[in-house]
Structures are given as structure tokens and as C-alpha cells.
Amino acid sequence: MANEGQTGQTRETTGLESTGLEGLTAAASNAAKANPAGAKGLPPVHLWNPPFCGDLDMRIAGDGTWFYMGTPIGRPALVRLFSTILKREDGKHFLVTPVEKVGIRVDDAPFLAVEMQTEADERGRLLRFRTNVDDWVGCDGGHRLRFEMAADGGLTPYLHVRADLWAKVTRAIYYDLVDMGEERVVDGQPMFGIESGGEFFAMADAKQVRDAL
């Protein structure tokens, strides 16, 4: 999508601006190949600072569903591909390639944590979470859990995935976290929380939790 007011100029679009999922897929695929020689994993979107080319009619709903022009994207592989070029700046989410950047809407968090496994390493218990795009994230000091007050008065956990991108933890996993939780004193205050990767992630004031049970 080109910037408004751009007249009298023509230029080749690179995919993100072209209509249809075909152009978007081509642009995302090309960006995914932009790793340094021999490198594996996600594209280095943190190194890219291309010009902003406008907003795209793409939305990530609160349940993790991706929509393009109001229609759900039903291909998991395509959602996974788009997720690899996702970037967040100043509270807004974008799809980026080395040459352009377009804004998308995210209702809550861009990812959903849908599965949790409990492992152990030299730090003790390690909780590993699988996102809805099949990334596995170990919860530790570099990938923290935070808890926000929900509209119903409960708590909603979020897991840091990468570079200011977060995953909302499903309600079922939240209940598992509560079952595994414990009380500890944090800065002189009794807190209820969960330990993972050598870190303690406080959920709420311990007295409030006891009173709610």
C-alpha cells in the first residue's frame, strides 16, 4: 500500500504493497532468505530499518487468528511465514523486509502460548512454551513472564518471545501455572508466583491470592 499523496511517480512494488496473499507470501519468503550466509533461524528483522509504506489490512485477533482483508488466513504455514517478519516499534506492529515496512493491527499480543512443558537444567525447573506458530520458548531471565489484570478481575500471563514481541498464555496453561505457584518474599512483600530458569516471576500479592482461594 503506497503512501497517500504519492502522485506522478511509479515504482516497482516488492510484495508487501501488492494486493493478494500471493504478493505478501513472495515478499515474506524473500525476506526469510535474507539471513547472513550460513545462518539459520529467523530473519534479522531487528537490523532492518526500511521506509514505512503505509498500513496493510491485516489483523491478528486476540485468539491468535490472522486475518487478511477480513478473511482468516487458514494456512498455518503462511501464518508462520508472516510471523517471521513481524516487528514491533513504539507499540505498533509491522511486517518488514529489507526494503519496506507496513503496519498491521494486533488486538492483544501477536502470539499465543498454547502448550507448556516442564524440564530441568542446572538452574532448576525450566518451563518451555510452544506458541501458535510452533516456536518453543524457554522461560527465564531473557524470556520473562508478566501478569496483567484481566477484565474479569483475574490475571492474564504474557511470555516474552523475542524483541518486544509477546505471547498471551492460554487460560488452561494459566491454571497450570497457578497450581505450580508458590509464595516468596520479594522486596519485603509476600508474593505468589512461579519459578522458571532460575527466576521468580511474581503473579500477585500473596494475601490477595489466599483470599481468592
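Mentor: We shall take the terms in turn, setting values against definitions.

Trainee: What kind of model is this, and how are residues numbered?

Mentor: This is a predicted model, in which local features need pLDDT of at least 70 and side-chain atom pairs count only at pLDDT 80 or more, while totals for chains, interfaces and linings use all residues. Residues are numbered from 1 along each chain as its sequence is written, and side-chain values use heavy atoms, with hydrogens and water left out.

Trainee: How many helices and strands does the protein chain have?

Mentor: The protein chain has four helices and 15 strands. Helices (H or I, at least four residues) and strands (E, at least two) are DSSP runs, numbered from the N terminus.

Trainee: Why is Asp135 called buried, while Arg80 is called partly exposed?

Mentor: Buried means under 20% relative accessible area, exposed over 50%, and partly exposed in between (1.4 Å probe, protein chains only). Asp135 has a relative accessible area of 13%, so it is buried; Arg80, at 27%, counts as partly exposed. Over the 213 residues of the protein chain, 45% are buried.

Trainee: What makes the pairing of Asp135 with Arg80 a salt bridge?

Mentor: A salt bridge is a side-chain nitrogen of Lys or Arg within 4 Å of a carboxyl oxygen of Asp or Glu. The closest N and O atoms of Asp135 and Arg80 are 2.5 Å apart, and the pair forms a salt bridge. This pair links distant parts of the chain, 55 residues apart: Asp135 lies in the loop between β8 (124-131) and β9 (136-138), and Arg80 lies in helix α2 (residues 76-83). Arg80, Asp135 and Arg162 are linked in a network of salt bridges.

Trainee: Which residue does Glu148 meet in a salt bridge?

Mentor: Glu148 meets Arg146, at 2.1 Å from N to O. Glu148 has a relative accessible area of 38%, so it is partly exposed; Arg146, at 26%, is partly exposed. The structure holds 18 salt bridges.

Trainee: What makes a set of residues a nonpolar core, and which residues have the most contacts inside the largest one?

Mentor: A nonpolar core is a set of buried Ala, Val, Leu, Ile, Met, Phe, Trp, Tyr and Cys residues joined through side-chain atoms within 4.5 Å. The largest has 49 residues, and those with the most contacts inside it include Phe129, Leu145 and Leu177. Contact means heavy atoms within 4.5 Å. Leaving aside neighbours within four places in sequence, Leu145 is in contact with residues including Phe129, Tyr158 and Leu177.

Trainee: How do you know that the buried residues of α3 line one face of the helix?

Mentor: In helix α3 (residues 171-180), Ile173, Tyr174 and Leu177 are buried. Seen down the axis of α3, the buried residues fall within an arc of 105 degrees, so they line one face. The arc is that of the directions from the helix axis to the C-beta atoms. On the other side of α3, Ala172 and Asp179 are exposed.

Trainee: Why are β10 and β11 said to pair?

Mentor: Two strands pair if DSSP finds at least two bridges between them. Strand β10 (residues 145-149) and strand β11 (residues 155-162) have five bridges, in the antiparallel sense. Met149 has Leu155 in β11 as its bridge partner. The two strands, β10 and β11, form a hairpin with five residues between them, and Gly153 in the turn has a positive phi of about 90 degrees.
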